[in-house]
Amino acid sequence: MSEQYYRLCQWIDEKLDSPNWLLYLTLFCAVLSWFLAVPPYTILKGADAWAFIEIQAQDILHPYGYEVYIRRENMVMRWVLPLLSYLTGHNVILIVVIQGLLGCVFLYLIAREVYRQTADKVVTAFFALALSNMFVFSWFLVDMAGYGDGFAYFFLLLALFIRNPFLLFVCLQLAFFTDERAIVAGGYVILWWMARTLVAQRDASTLGAVAKSAFVPATWVVVISWILYFIFRRYIMSTYFFFHEYTTEGTPVLFADAHRAGLGNSLWTSFEGAWLLLGAAGYVLYMARHYWLLVALLVGFLVLITTGIFVHDIDRAYGYGFPFLLISSLVLARMVPLPEYRKLLFVMALICIIHPMCYTLGYNKVLWAEPLPLKAVMFLDRWTGWGWFD
C-alpha cells in the first residue's frame, strides 16, 4: 500500500508539471465533482425561490406574493440574486452558469492559497480533490433552487485575501446581502487574519498576542461592515417592511422532534473527510501549547455549529465555515512535516471522493445528488416505466 501511495504522489507530481497546472487541476476537480454529483436540473422549472427573485428584481422594496411559513419571507433582504436577475433579463440559466464559474474560481483561489502555504503540488492536488467533493464546492454546481449561497461563499473567500479596505467592505456587503448567514461568517474572516498573523509570528501562546492579532485593519473593516449593514437593514425593514415577521426566528429547529434526527447527518456531511483536517489542526495547536489561539478558533467553530442548529438547511449554514479549512491547512503546513501532511490530505481526499453528496433540508429530509451513471439509470427507469426508483 505504501508503495502504491508513493507512486500515486509521483504520478500526480509528473502530471502537474506544467505552467498552467493549477488551472488544469481546478478543471479536473470541477468535472469530477459534477460527475459524482450531477445537479438536479429539473428543479429550475418550478423552484419557488426563482419566481420570487424575479418579483424582487422588478421592485426590490415592494415585492408581492410572500407569506409566512414559506421561504419567501426570509428573502426580503437578500438582494444579490434579484440584482443578477435584473441584469441578466431574468435569465435563470445564465445565473446558474455564473454561479458554477464562480465555483471554479473559488476552488482555484483556495488551491492557490494551499500551494502558497506548502509549495507542494501533491498536497494542493489532494486538498483540491477533497474540497471539490465537499458540500461547500458542490453546492456551486448542485444549487438549482435559487438559494444563492455560492455567491456568498465566493465573496467571503475574496474577503479573506483582499487587503484593500474598500474592496473588502464591498465583498462583505455583497455576501451579507446574499444570505444572512454570511453576517456570522464575517467573524471567521477575522479569525483567518488572526491565524495568519499569529502563525507568521510563531507566537500564539499568550492571551496578549492573540488579542493583539484580533485588531488588524481587516478586523475594523468587518466591524464597520456589520454596523453599517445593520443600520441600513433596520432602516429598510422599519420603513418598507414594518409589518414583516420571521416565523422561525429564535427557534432551534434541529432540536424539534421533526428535525433533530438530521443533525448528525448534517454535522458529518458538511465537512466529511475534512473533520480529519480540523481535528489534526486542533491537536497540533494543543501540543504546541498555542492554547489561546486554539480557544479562539474553538469559540468561532462553536458559533458556527450553534448558529447552524437554528436553521433548516444546516449544511448550507456549515458551508460558511470553510475559512476554518484554510486556517487548519495554514496551521498544519507550518507545524507538521510535509510528508505527514500529505498522508493526512490523501485520506481526507479519499473520504470526500467516496462519500456521496447529500444535505439535510429540515424535517429530516435528506436530498441526494447522484453520480452520472446512476443518474442515467434513473432516467432510463423513468423513460421505460420500470419503477425501480419509485
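Modeller: A helix here is a DSSP run of H or I with at least four residues, a strand is a run of E with at least two, and both are numbered from the N terminus. Q173 is found in helix α9 (residues 165–176). The model is predicted, so local features need pLDDT of at least 70 and side-chain atom pairs count only at pLDDT 80 or more, while totals for chains, interfaces and linings use all residues. Residues are numbered from 1 along each chain as its sequence is written, and side-chain values use heavy atoms, with hydrogens and water left out.

Biologist: Why is Q173 called buried?

Modeller: Buried means under 20% relative accessible area, exposed means over 50%, and partly exposed is in between (1.4 Å probe, protein chains only). Q173 has a relative accessible area of 12%, so it counts as buried.

Biologist: What does the side chain of Q173 meet?

Modeller: A polar atom of that side chain lies 3.0 Å from the backbone oxygen of S225. A polar contact is a pair of N or O atoms within 3.5 Å; within protein, one must be able to donate a hydrogen and the other to accept it, and residues adjacent in sequence count only if both atoms are side-chain atoms. Contact in general means heavy atoms within 4.5 Å. Leaving aside neighbours within four places in sequence, Q173 is in contact with S225 and Y229. Y229 also belongs to one aromatic cluster with W79, F176, F177, F230 and F232.

Biologist: How many aromatic pairs are there in the whole structure?

Modeller: The search finds 30. The rings of Y5 and Y6 are one example, with centres 5.2 Å apart and planes at 65°.

Biologist: What makes the Y5 and Y6 pair edge-to-face?

Modeller: Rings of Phe, Tyr and Trp (its six-membered ring) pair if their centres lie within 6.5 Å; planes under 30 degrees apart count as stacked, over 60 as edge-to-face and the rest as tilted. The planes of Y5 and Y6 stand at 65°, so the pair is edge-to-face. Y5 is buried at a relative accessible area of 10%. Y6 is partly exposed at 48%.

Biologist: Why is the pair of W139 and Y359 called edge-to-face?

Modeller: The ring centres of W139 and Y359 are 4.7 Å apart and the planes are at 70°, so that label applies. The pair links distant parts of the chain: W139 is in helix α7 (residues 135–142) and Y359 in strand β1 (residues 357–360), 220 residues apart. W139 and Y359 are both buried.

Biologist: How do you know how covered α6 is?

Modeller: Twelve of the twelve residues of α6 are buried, including V122, F127 and S132. The helix spans residues 121–132 and reaches 16 Å from its first C-alpha to its last, close to the 16 Å expected at 1.5 Å a residue. The expected span is 1.5 Å times one less than the number of residues.

Biologist: What caps the N-terminal end of α6?

Modeller: D120 does, with a side-chain oxygen 3.1 Å from the backbone nitrogen of V122.

Biologist: Why does L107 count as buried?

Modeller: L107 has 0% relative accessibility, so it counts as buried. L107 lies in helix α5 (residues 92–118). Not counting residues up to four places away in sequence, L107 touches T26, C29, A30, A128, L131, S132 and F137.

Biologist: Where is T26, and is it buried or exposed?

Modeller: T26 is in helix α2 (residues 21–36). At 4% relative accessibility, T26 counts as buried. Its side chain reaches the backbone oxygen of L22 at 2.8 Å.

Biologist: Which residues lie nearest the centre of the second largest pocket?

Modeller: Those are W11, I12, L25, F28 and L129, out of 16 lining residues. This pocket has a volume of about 350 Å³.

Conventions. 1 Å grid on protein atoms, 1.4 Å probe; cavity = no way out; pocket = protein on both sides within 12 Å on 5 of 7 lines; lining within 4 Å. Points joined across faces, edges and corners; volume = space filled by probe spheres on them.
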